[in-house]
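Please open the structure in your viewer and keep the selection tool at hand.

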Amino acid sequence: MKIAAVELNVIQMPLNDPFLTHLGAVKNREGIIIKITNSDGVSGFGEGVAFSTPWYTEETVKTSLHMLTDVLIPLLQKAPLNHPEEVSQLFSSVRRNNMAKAALETAVWDLFAKSHSLPLSKLLGGTRSLIASGVVVATDSTKNALQQIEQYLEDGYQRIKVKINPQQDYAFLSEIRRFYPELPIMADANSAYTIKDIERIKALDDFKLLMIEQPLGYDDILEHALLQKEIKTPICLDESIVSYDDARKAIEFGSCQVINIKVGRVGGLYEAKRIHDYCFEKGIPVWCGGMIEFGVSRAHNIALASLPGFSIPGDISASNRFWEEDIITPEVNVKNGFVKVPSGPGIGFEINEKRLQETLLLKETFVL
Ligand code: OSB
Ligand code: MG
């Protein structure tokens, strides 16, 4: 596999509605769309999912651009690659910066799949042709949450995730349960609690949530294990799991019963698949997390979620959940609660060049 050129496109788009968590609001999404082209003129695409500010992880769009430009693209340039599985090892000399790594690594997977005329899902070992779709409600008002839930259920979503924090938990969830007693709901705290809040979190067992996501520290696995012993609701880890080893330790410790896998957070599809395979073997269900991402990353998520261990509807929603118009064509659609896994080569979606140009902030090209 000879990579001849890498193109970095920084784009920006407003969200249909602000995405609110206790950590702040996302109203505009910047992202990095990577195009790599081989010597035969075949192109693969990847997406950098770091945010403009470091609220979710330590990375930002700017740190990603620095890593890509000054470190990762030069590394890729040096190495003769036979398979995308090798990229992860190639980048192992670089500490963390997982979203920057994943942006480039996923583009290599797409390129490899396309040059072998294989759907990416098949290359990864996917077995599903339909992905059960869930959606996230991220607002600070109960009234808005109820309205959004009503709309999303009408759209066919199979599972709702809501954002919670100590200012918005028991009363908020009671009100939702009053209208939707049987709805599959999960609650994501994005580390809004500490172990001192144990009684507060225990009270949430009343709501028969599918799970509670990342209640405690963003890099903790120890206190989550203590908490899990005290509550009935299964804990799902998100922020705490940035590698295969984190997943293994969290499971061995009893820190969680479920893992949310995000390709960007763990540094690419190879690591995501390793986590999946480990969890599958241990009987730990996984689901695919979302990052308010554009179509390229959505497409990679769909391919990943076709693996057999993704047994819970993830945060894989339609393009129109966040965007007036996505940068891929066709857009991601949810039909009867499912997203179809494309059967075309690679990610199975084309880039909407017109939309990419409309949203473009900056473009850089590297000839290798
Ligand atoms: O914690 O899962 C999270 C979005 C951005 C950053 C972190 C998280 C989220 C979501 C998923 O909750 C939103 C989506 O569907 O993309
Ligand atoms: Mg989360």
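## A tour of cavities and salt bridges

This predicted model holds 4 cavities of 30 Å³ or more. Rolling a probe the size of a water molecule over the atoms shows where such empty space is left.

**Stop 1: the largest cavity.** Select Phe19, Gly290, Met291, Ile292 and Asp315, which are the closest to the centre of the largest cavity among the 22 residues that line it. E5 gives the most, with 3 residues. By class, the lining has 9 nonpolar, 4 polar and 9 charged residues.

**Stop 2: the second largest cavity.** Select Val49, Val263, Gly264, Glu293 and Ser297, which lie nearest the centre of the second largest cavity, a space lined by 13 residues. Its volume is about 100 Å³. Helix H3 (98–115), helix H10 (263–266) and helix H12 (295–305) each give two or more residues to the lining of this second cavity, and H12 gives the most, with 3 residues. Here the lining has 4 nonpolar, 6 polar and 3 charged residues.

Stop 3: Side chains of opposite charge can pair when their charged atoms come close. The model has 19 salt bridges. Select Lys163 and Asp188, whose side chains meet in a salt bridge with an N to O distance of 2.8 Å. Lys163 lies in strand E6 (residues 159–163) and Asp188 in strand E7 (residues 185–188), so the pair ties together parts that are 25 residues apart in sequence. Are these two residues buried or exposed? Lys163 is buried, with a relative accessible area of 8%, and Asp188 is buried as well, at 1%.

Now extend the selection to Arg159, Lys161, Glu213 and Asp315, which are linked with Lys163 and Asp188 in a network of salt bridges. Asp315 was also selected at the largest cavity, as one of the residues closest to its centre.

**Stop 4: salt bridges within helices.** Select Glu175 and Arg178, which form a salt bridge with their closest N and O atoms 2.9 Å apart. Both lie in helix H6 (residues 170–179), 3 residues apart, about one turn of the helix. Glu175 is partly exposed, at 26% relative accessible area, whereas Arg178 is exposed, at 58%.

Finally, select Lys273 and Asp277 in helix H11 (residues 269–282), where they stand 4 residues apart. Their salt bridge has its closest N and O atoms 3.6 Å apart. Lys273 is partly exposed, at 22%, and Asp277 is partly exposed, at 34%.

How values were computed: Residues are numbered from 1 along each chain as its sequence is written. Chains are lettered from A and ligands numbered from 1 in the order in which they are written. This is a predicted model: local features need pLDDT of at least 70, side-chain atom pairs count only at pLDDT 80 or more; totals for chains, interfaces and linings use all residues. Side-chain values use heavy atoms; hydrogens and water are left out. A salt bridge is a side-chain nitrogen of Lys or Arg within 4 Å of a carboxyl oxygen of Asp or Glu. Buried means under 20% relative accessible area, exposed over 50%, partly exposed in between (1.4 Å probe, protein chains only). On a 1 Å grid over the protein atoms alone, a cavity is a set of points where a 1.4 Å probe fits but cannot get out, and a pocket is an open set with protein on both sides within 12 Å along at least five of seven lines; lining residues have an atom within 4 Å of a point. Grid points are joined across faces, edges and corners, and a volume is the space filled by probe spheres set on the points. Ala, Val, Leu, Ile, Met, Phe, Trp, Tyr, Cys and Pro count as nonpolar, Asp, Glu, Lys and Arg as charged, and the others, Gly among them, as polar.
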